[in-house]
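I opened this notebook to keep track of what I looked up in one structure, entry by entry. The entries go from the whole chain to single residues.

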Amino acid sequence: MTTLRQPPAATRQGVRPRVVGRTGLYAVLLANAVVVAVFFVQAGFASNTLIVLGRLTGLYGSLLMAFQLLLVARLPWFDRRIGMDRLTSWHRWTGFSVLWLLLAHAVFIVFGYAQSSSLDPVNQLVDLAETVEGVLRAITALAIIIVVGVVSARSARRRLAYETWHFIHLYTYVAVVLAFTHQVAAGTTFTSSSAAKTYWYAVWGGALAAVFTGRLVLPLWRNLRHRLRVTAVVPESDNVVSIYITGRGLDRLPARAGQFFLWRFLTKDRWWQANPFSLSAAPDGRTLRLTAKRAGDGSAALRHLKVGTRVFAEGPYGAFTTLHRTRPDALLIAGGVGVTPIRALLEELHGHAVVIYRVATDQDAVLYDELRDLALAKGAELHLVTGPPVPDRLAPRELARLVPDIAGRDVYLCGPPPMMNAVLGSLRELDVPKAQIHFERFSLAG
């Protein structure tokens with residue numbers, strides 16, 4: 001264990017308040033739910049209760065589908081304040097809600113019309129598809145959403161390569177277009193008034209514009225502007241490598257320590273692969289650096305990149321930054337290669353910092369020399385904690401011993417999921433306020 005203590009007269013920076021972007025999203029969704037209910041009532045009710053329920057579930061399914069697009073648009077304002085991991089989590093649960101609402105919509109409508117006719121539900125569905133404009137498109141859209149829902153289940157997701165899962169997921173956009181055209185053609189609420197029609201066009205238009213801007217326009221514009229290239233490839237250990245990247249006008253790239261990019265290295269065999277890697281050094285306006293551990297073919301190939309290779313980067317993404325600090329002092333906890341954003345954060349942080357670096361052996365402590373030098377320069381404490389996971393060396397008692405004032409610090413945490421879950425449990429036992437705990441799990445959707 002190495003401990004480097006702060007000089008007595010440390011300069012401390014004022015606390016920045018937490019920006020809660022999720023409250024705005026909840027408010028927007030709730031307000032739109034109320035508007036949909038008002039238009040639904042104004043359109044009048046059908047005599048059949050099942051049809052009424054079918055129309056209502058269809059409307060809320062459409063609203064949530066548009067909300068889904070906003071969640072995966074990767075708009076910088078939302079991402080910086082909420083974080084892509086939380087947006088992705090909401091996207092997942094919203095997606096399953098859309099699936100069940102649209103299934104309910106289909107069942108209620110088919111059984112409702114079957115109740116009013118002499119047809120059984122199967123023949124009623126066929127009749128609706130043949131006689132009502134837009135119904136066949138709706139059936140196709142629902143089939144696509146069911147397939148996407150099945151492959152998004154955790155058991156199926158683990159068996160698929162990311163690129164395969166992502167390709168299937170892209171068909172969601174086809175389902176969105178089909179669902180919208182169905183609503184235009186057959187939606188009674190949509191056609192009930194000019195105000196309702198204007199509202200739904202605005203909802204869908206805004207959602208699609210957000211996706212178009214965040215997923216296409218902004219990445220293309222930034223890459224054309226900065227023209228990124230690899231300038232150095234530096235092995236850090238047998239299975240870890242750092243990539244240095246430069247470009248034009250990087251001082252105008254709004255990247256912060258703790259954030260990550262989706263990196264595409266434009267070689268003939270890897271240009272189609274995008275991998276999320278955190279910045280392992282605070283952006284200085286001249287160079288970007290990522291540090292990656294070999295975990296698959298994509299990350300293993302980084303060691304063989306040539307200087308001058310063109311890079312297409314999407315981002316920066318993530319709310320794992322100093323933007324959300326609530327206290328002048330901080331505790332940074334890293335596990336394994338999760339040290340990369342922690343090292344960048346230490347470089348940017350002001351105030352007293354304690355760094356705990358958890359690894360199995362001393363040889364696994366990637367970037368440790370840089371951490372030690374930074375800690376010395378900034379008057380921080382650095383603890384290297386080694387050994388097997390059992391006994392738990394980051395249990396509540398151990399954390400309290402290393403950082404007695406832990407409840408008065410912001411805590412930044414990054415590492416393997418089992419370690420993160422264990423540390424989060426320890427922080428809860430130590431009564432660290434939830435608002436002071438900052439972490440992100442890097443999983444992507446859409």
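**Ground rules.** I am working with a predicted model, in which local features need pLDDT of at least 70 and side-chain atom pairs count only at pLDDT 80 or more, while totals for chains, interfaces and linings use all residues. I number residues from 1 along each chain as its sequence is written, and side-chain values use heavy atoms, with hydrogens and water left out.

**Whole chain.** I first looked up the secondary structure and found 16 helices and eleven strands in the protein chain; helices (H or I, at least four residues) and strands (E, at least two) are DSSP runs, numbered from the N terminus. The C-alpha trace spans about 85 × 50 × 40 Å along its principal axes. I then checked burial, and 47% of the 446 residues count as buried, where buried means under 20% relative accessible area, exposed over 50%, and partly exposed in between, with a 1.4 Å probe and protein chains only. The chain exposes about 21,100 Å², of which carbon and sulfur atoms supply 61%; these areas come from the Shrake-Rupley method with a 1.4 Å probe, and for residues only the protein chains shown count as cover.

For contacts (heavy atoms within 4.5 Å), I noted that, among those between residues at least 6 apart in sequence, 73% join residues at least 24 apart.

How many cavities of 30 Å³ or more does the structure hold? I counted four, a cavity being a set of points, on a 1 Å grid over the protein atoms alone, where a 1.4 Å probe fits but cannot get out. About 120 Å³ of space lies in the largest cavity, with grid points joined across faces, edges and corners and the volume taken as the space filled by probe spheres set on the points. Its lining has 15 residues, and P76, L218, R222, G315 and P316 are the closest to its centre; a lining residue has an atom within 4 Å of a point. I found that α3 (76–82), α11 (194–226) and β6 (311–317) each supply at least two lining residues, and that β6 gives the largest share, with five.

G315 and P316 are joined by a cis peptide bond with omega of about 10°, and P316 is found in strand β6. I set beside this that most peptide bonds are trans, and that most residues other than glycine have a negative phi.

A pocket is an open set of points with protein on both sides within 12 Å along at least five of seven lines.

Leaving out residues up to four places away in sequence, A129 touches V135, L136 and I139, and the C-alpha atoms of A129 and I139, ten residues apart along the chain, are separated by 8.1 Å.

**Positive phi.** Which loop holds L367? I placed L367 between β8 (353–358) and α14 (368–378), with a positive phi of about 65° although it is not a glycine; L367 is buried, at a relative accessible area of 7%. D431 also has a positive phi, of about 60°, and is not a glycine, but it lies in the loop between α16 (417–429) and β11 (437–439) and counts as exposed because its relative accessibility is 60%.

T361 lies in the loop between β8 and α14 and counts as partly exposed, at 34% relative accessibility; T361 and T322 are 39 residues apart in sequence and 30 Å apart in space, C-alpha to C-alpha.
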